[in-house]
Structure formats: C-alpha cells, structure tokens
There are 2 protein chains.
Amino acid sequence: MPRYKLIVEYDGAPFVGWQRQENGPSVQAAIEDAARALSGQTVVAHAAGRTDAGVHALAMPVHIDLCRDYPAETVRDALNHHLRPAPVAILSAQTAAPDFHARFCARARHYLYRIVNRRAPLTLDAGRAWRVPGPLDADAMNAAARRLVGRHDFSTFRAAQCQSASPVKTLSALWVEREGEEISVYARAPSFLHHQVRSMVGALVEAGLGRWTPDDVEAALKARDRRACAPVAPAHGLYFLRADYDETSA
Amino acid sequence: MPRYKLIVEYDGAPFVGWQRQENGPSVQAAIEDAARALSGQTVVAHAAGRTDAGVHALAMPVHIDLCRDYPAETVRDALNHHLRPAPVAILSAQTAAPDFHARFCARARHYLYRIVNRRAPLTLDAGRAWRVPGPLDADAMNAAARRLVGRHDFSTFRAAQCQSASPVKTLSALWVEREGEEISVYARAPSFLHHQVRSMVGALVEAGLGRWTPDDVEAALKARDRRACAPVAPAHGLYFLRADYDETSA
C-alpha cells in the first residue's frame with residue numbers, strides 16, 4: 001500500500017469542515033471520494049489539522065494509502081480532476097514513508113488569521129477575511145499577543161466541545177502584522193485546542209480596539225475559564241497555513 | 001448640486017460590466033440605484049474606467065451629483081447600506097470641485113492583471129486570477145513588455161467593438177513581477193483601448209511560455225492588425241487599480 005503525502009488548498013466556505021460528517025459536505029469526503037474514483041478502493045484521508053466549518057487551508061498536509069503504485073503526478077492530477085467542481089486543489093503529491101502520518105508526525109502547525117480593518121463592506125475578500133470597522137492598533141495587539149506565548153493552561157480559549165486530553169498547550173509564536181488596512185495574525189504551535197486561534201484573535205481584537213489592556217488579556221488567560229473569553233473571531237478569516245515535519249518523516 | 005468623488009471597490013463577477021445595460025446588472029446601475037435610495041433623485045454615476053464584464057476594481061474613482069449637501073461620511077455609509085448585498089463597496093467619499101470629472105480629468109489609469117502559474121486548479125482565487133499551468137518565465141515576459149511601452153498604434157491589441165477615435169495610445173508602463181506562483185502584470189497609461197490590457201497580457205503569456213520571442217511581440221504590434229493578436233486573457237484576472245488626477249481637480 002504506497003502512501004502519498006498531499007499538500008491541499010481549499011476554500012472552506014461550502015464545507016462543514018475537514019472531517020467527514022453526516023450533515024453536509026466535508027473536505028475529507030471530497031478527497032476520499034476523488035481517491036476512490038481514481039483507485040476503485042475505499043480510501044481514508046488523514047490531515048495535519050481538522051479545520052472547522054468555513055475555515056480555509058493554503059497548504060494542508062494530508063496522507064492517503066492507495067493499493068497501486070501510481071506516479072505521484074498522476075495522483076495529483078487525477079485527484080484534481082475528480083475533485084471538480086469542489087474548491088479543493090491538490091497542490092502537490094509525493095510518495096511518503098509507510099510510517100509517515102500527516103497528523104501524528106506534524107511537529108508544528110501554522111495558522112493565519114486575516115482581518116480587514118475598514119468601515120466599508122468587503123467585496124473581493126467577502127468570506128475570506130473578518131472585517132473589523134473600528135480602528136485597530138496593531139502594536140497593542142502585539143503587546144497582548146506576547147502575553148499568550150508560552151506553555152499555559154488555555155482553558156479560556158478552548159471550545160466547550162474540545163476533545164483534547166489536556167488544556168495545557170505550548171503556543172510557540174503569536175504575532176500581528178499590519179499592511180495598509182490588512183491585519184494578519186500568525187500563530188504557531190505543536191498543536192492547538194479547538195477554537196483556540198479564533199478565541200485568541202477575539203482577545204487580540206479587544207486589545208486592538210483599546211477595550212482590553214495586555215493585562216486584561218493575561219488575566220483572561222489566567223482565569224482558565226471559558227467565560228473570560230472575548231467573542232470568538234469568525235471562522236471565515238482563518239487559514240491553516242502549513243505544518244512542519246521532521247525531515248525523516250516528511 | 002454638490003459633487004462627490006467616490007473610491008469604489010467591486011467584484012466584477014456578477015456584473016455585465018461598469019456600464020448600465022439592458023441585459024443584466026451593472027456596477028453603474030448598482031451605485032445609481034443606491035444613490036437614488038439615499039437622495040430620492042435620479043443620479044448619474046461617472047467612472048474613471050468603464051470596465052468589462054467580469055473585470056474587478058480595487059479603487060475606481062467615480063463621481064456623482066446630489067441635490068442636498070450631505071456630509072461625505074453619510075454618502076459613503078448610506079451608499080454602502082443601500083448597495084447590499086451587491087459586491088460593491090464605497091471605500092471613501094469626499095466633496096469634489098464642480099468641474100471635477102472622474103473620467104475626463106483622469107490623467108493616468110493603472111491596471112493589474114493577476115496570473116497564478118500552477119498546475120492545480122484555483123480554489124480561493126477562482127474567478128480572481130487566470131491560472132496558467134505551463135511554466136512562465138517572468139524575465140521573458142518583461143523583455144516582451146518593454147517592446148510595447150511608448151506611443152504606438154495599438155490596433156493589434158484593440159477589440160473590434162472599440163469606440164476610441166484613434167488606435168494610437170501612449171503606454172506609460174508595462175511590467176511583470178513574480179512572487180512564488182503569483183505573476184502580476186502592471187499597466188499604466190493616460191487611457192487604454194478596449195481589451196488592450198487583456199490583449200497585451202495574452203501576448204506576454206505567449207512570451208512567458210517561450211512560444212513568442214520579444215521580436216514576435218514587437219512584430220505583432222507593428223502588424224497593426226487584430227489578427228496578429230494572441231488569445232486575449234480572460235476578464236476575471238483583470239483589476240482596475242486606481243486613477244491619477246491633477247491635485248487641483250481631485
């Protein structure tokens with residue numbers, strides 16, 4: 001059973017999320033169905049991150065096993081053919097070691113959250129960024145972000161339905177960049193809790209609007225209580241950027 | 001009759017173009033209808049560039065006359081309110097001199113053409129860029145672009161239905177930038193012929209694919225014959241970027 005590592009881009013808008021569910025189309029089902037159309041077999045697709053409904057991906061690592069030894073380019077092109085017209089694209093495919101696992105071997109995950117800071121509604125970026133009308137201070141957002149970096153109990157920034165064994169996670173990096181009206185929030189960690197990035201972005205926006213100080217953000221973290229969380233940022237601004245692997249496993 | 005200068009962003013996908021037409025929704029009609037909802041009067045909107053069906057705008061200057069002296073912020077916010085859910089946004093509004101004319105006072109127009117140079121289909125950029133699967137050489141495209149800059153008879157790059165009095169135009173600048181798989185073609189001129197940018201991009205892509213040399217591009221220009229034109233690039237990759245005005249008229 002040759003194993004293939006795929007790098008996948010998708011527009012999350014029409015999907016109930018990564019994971020196959022009864023109640024609507026998922027990215028996982030789209031890829032598994034395309035792989036079955038190629039190979040005639042039932043295929044299970046594993047992703048580095050199981051994104052929520054509406055969340056996008058720019059370079060999501062995924063692995064699948066196929067019974068036949070197809071050239072990697074054939075896998076890429078055939079999956080893209082069968083994926084149409086779903087907004088899911090296989091950017092690349094390569095053969096992977098039998099013990100490579102897109103989820104369990106990932107040692108870091110990168111997310112981007114896109115905010116457009118302006119009063120006018122979005123047109124070309126509708127569904128692709130969160131519009132925040134009030135003026136945001138990116139320096140204040142960065143000052144608040146620094147309070148969240150490190151190993152902490154992130155219960156405040158964790159969805160009620162989170163299945164993680166522990167709320168303690170290491171946030172490796174969290175920073176904010178402004179370019180014109182566009183504000184990008186970058187987050188990196190070995191792994192995240194459910195809704196963690198969107199919950200943290202909600203707190204950073206409170207800081208950017210001047211409603212929360214960096215101390216308030218730190219107090220929310222230390223409360224270890226979901227009720228201390230700011231409003232969660234909407235899903236459609238969030239992008240799974242990429243995952244890192246050890247060279248031997250990738 | 002106070003005059004207002006608007007800066008407008010739109011997603012061209014659902015429109016038959018800028019200009020009001022019988023056969024479908026136009027950006028002009030959307031803005032004029034919103035202005036009538038605000039003011040109760042019939043309003044005519046004039047734009048710096050009359051974009052084709054499917055062409056987008058990031059900062060299109062437009063002017064309108066209103067009977068009442070509304071604060072500029074009210075004009076911006078009320079138009080945005082009445083424009084919903086059309087993908088047209090008034091980024092800013094300001095009062096303008098009575099002799100300001102968005103079209104006739106513009107001394108330069110800037111366009112961007114977005115190409116994504118990759119094999120995989122587009123997802124988030126679908127309808128927002130032209131996907132070219134074959135490898136493009138941006139240096140070759142720039143070498144070809146330099147042959148088109150200057151004052152020339154651009155009949156080769158002019159649509160049959162072009163209403164311009166003369167095919168002679170001055171192309172002030174045309175250049176290509178690559179960043180990863182994204183290739184941006186920038187064009188600037190006092191004014192353009194109908195389909196000129198998309199026709200020139202078609203020729204540059206032939207050069208980028210190695211099918212045309214810079215000499216071939218120059219020969220096509222010198223032919224002054226529409227039949228010498230390469231396939232015209234699709235509308236959905238084209239963006240009206242902005243227009244320049246003399247300081248006194250803006």
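**View 1. Four salt bridges are counted between chain B and chain A.** A salt bridge here is a side-chain nitrogen of Lys or Arg within 4 Å of a carboxyl oxygen of Asp or Glu. One of the pairs is B:Arg119 with A:Asp77, at 2.7 Å from N to O. Strand 1, strand 3, helix 2 and strand 4 of chain B each give at least two residues to the side of chain B that touches chain A. Strand 4 of chain B has the largest share of that side, four residues. Helices (H or I, at least four residues) and strands (E, at least two) are DSSP runs, numbered from the N terminus.

The model is predicted: local features need pLDDT of at least 70, side-chain atom pairs count only at pLDDT 80 or more, and totals for chains, interfaces and linings use all residues. Residues are numbered from 1 along each chain as its sequence is written, chains are lettered from A and ligands numbered from 1 in the order in which they are written, and side-chain values use heavy atoms, with hydrogens and water left out.

**View 2. Chain B and chain A bury about 1800 Å² between them.** Carbon and sulfur atoms hold 56% of this area. Buried area is the accessible area (1.4 Å probe) that two parts lose on being put together, summed over both. The contact takes 24 residues from chain B and 24 residues from chain A. Contact means heavy atoms within 4.5 Å. Eight residue pairs are in polar contact across this interface, both residues at pLDDT 80 or more. A polar contact is a pair of N or O atoms within 3.5 Å; within protein, one must be able to donate a hydrogen and the other to accept it, and residues adjacent in sequence count only if both atoms are side-chain atoms.

View 3. A:Asp52, A:His56 and A:Leu58 supply 43% of the area that domain 1 of chain A buries against domain 2 of chain A, more than any other three residues. Two salt bridges are counted between the domains. Ten residue pairs are in polar contact across the interface, both residues at pLDDT 80 or more.

**View 4. Helix 1 of chain B covers residues 27–39.** Its 13 residues reach 18 Å from first C-alpha to last, close to the 18 Å expected at 1.5 Å a residue. The expected span is 1.5 Å times one less than the number of residues. Its buried residues include B:Val27, B:Ile31, B:Ala34 and B:Leu38. Buried means under 20% relative accessible area, exposed over 50%, partly exposed in between (1.4 Å probe, protein chains only). Their cover includes strand 1 (3–10), strand 3 (56–65), helix 2 (72–83) and strand 4 (88–96) of chain B. B:Gly40 follows the helix, with a positive phi near 80 degrees.

**View 5. A:Met141 sits in helix 3 (residues 138–146) of chain A.** A:Met141 counts as buried because its relative accessibility is 0%. Beyond four places in sequence, A:Met141 touches residues including A:Ile115, A:Val176, A:Leu204 and A:Gly208. A:Ala207 is 66 residues away in sequence, yet 5.6 Å away in space, C-alpha to C-alpha.
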